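Thanks for coming. I will show one structure and talk through a few parts of it.

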Amino acid sequence: MLNNKRAKRASPNHDDITLWDAKLLQSAYRNPHLMLIDLRSPGNFRGGPPPNPKSIPAEYHQGHIFLALNLNLQNVKTVEDVEEEIQTGRNSAGGSFVDTMVLAITSGFHFLFYTQDGSNKDFIMGFLASARIIHNGEAFTFPEQSIHWLEGGFNAIYRNSSLKKFCADTKNLLGREEEIEEPEYSAVLPHLFVGGAICSEVQFDELQKLGVEHIINVSNMDRPREGFKCTFIFANDDQDENLTRLFYQVADLIEESNKKVKVFLFIAKEA
């Protein structure tokens, strides 16, 4: 639903907000037009799971369902608080994902929100249903027929045996992504390969067999790799990052190889 910048906030009808249970999420989990949004506190990045392995993770980084994005609304008191967190992502894991959210809204996605135990539905959903998301001078809102609430929250996900296998803490989940995603890389020159910032074990072996000796990692996380000379250059993969500032630095490093050392260039990817 696209509104002009001066559009008034909608008056949400809570009866239109579809309640989902864990079984419904289980059947819809692989739907490519479903966005899962975890509303809990992010916790400590790479802090690992709860100390007690029998405890249900109480923070996003302690444990969340794979592909869920984090929008921390733990302490919001007004719709303006919600709008600010959506725009800035100041208190959320990974920061703001406004671009992704607006693309999903305009593409007809459905949105499933969850807290820890499913509480505060009317309070939070009232804010979300009326919040305006500003992007490139236009205001967008969540279509009421497309926003859903998970009964029982993350607790219900974790207690569902089929869904629990898709849950992990961020520390372990990043390792799992390295095994699952296996993004492709390209040989742009005989001595230069370019790919994403996450690389699988198989691909590292392939790069070594191709003779790659030097990895230039342009991302927001240092990933040193045994068997390679590694150079880390910090850069965020977001709309505010100016990657052109790094062009000459990266070009000089590639030039220094003098075509005698094969180089693999990691492109920035948000962790």
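The largest cavity is lined by L71, E85, I86, G89, G95, S96, F97 and M101. Here a cavity is a set of points on a 1 Å grid over the protein atoms alone, where a 1.4 Å probe fits but cannot get out, and lining residues have an atom within 4 Å of a point. By class, that lining has four nonpolar, three polar and one charged residues, with Gly counted as polar. About 30 Å³ of space lies in this cavity, a volume being the space filled by probe spheres set on the points.

A word on the source: this is a predicted model, where local features need pLDDT of at least 70, side-chain atom pairs count only at pLDDT 80 or more, and totals for chains, interfaces and linings use all residues. Residues are numbered from 1 along each chain as its sequence is written, and side-chain values use heavy atoms, without hydrogens and water.

Which strands run parallel to strand 3? Strand 6 does, joined by five bridges, with I37 opposite F113. Strand 5 does too, through two bridges, and D38 stands opposite N70 there. Pairing takes at least two DSSP bridges.

Technical notes: Helices (H or I, at least four residues) and strands (E, at least two) are DSSP runs, numbered from the N terminus. On a 1 Å grid over the protein atoms alone, a cavity is a set of points where a 1.4 Å probe fits but cannot get out, and a pocket is an open set with protein on both sides within 12 Å along at least five of seven lines; lining residues have an atom within 4 Å of a point.
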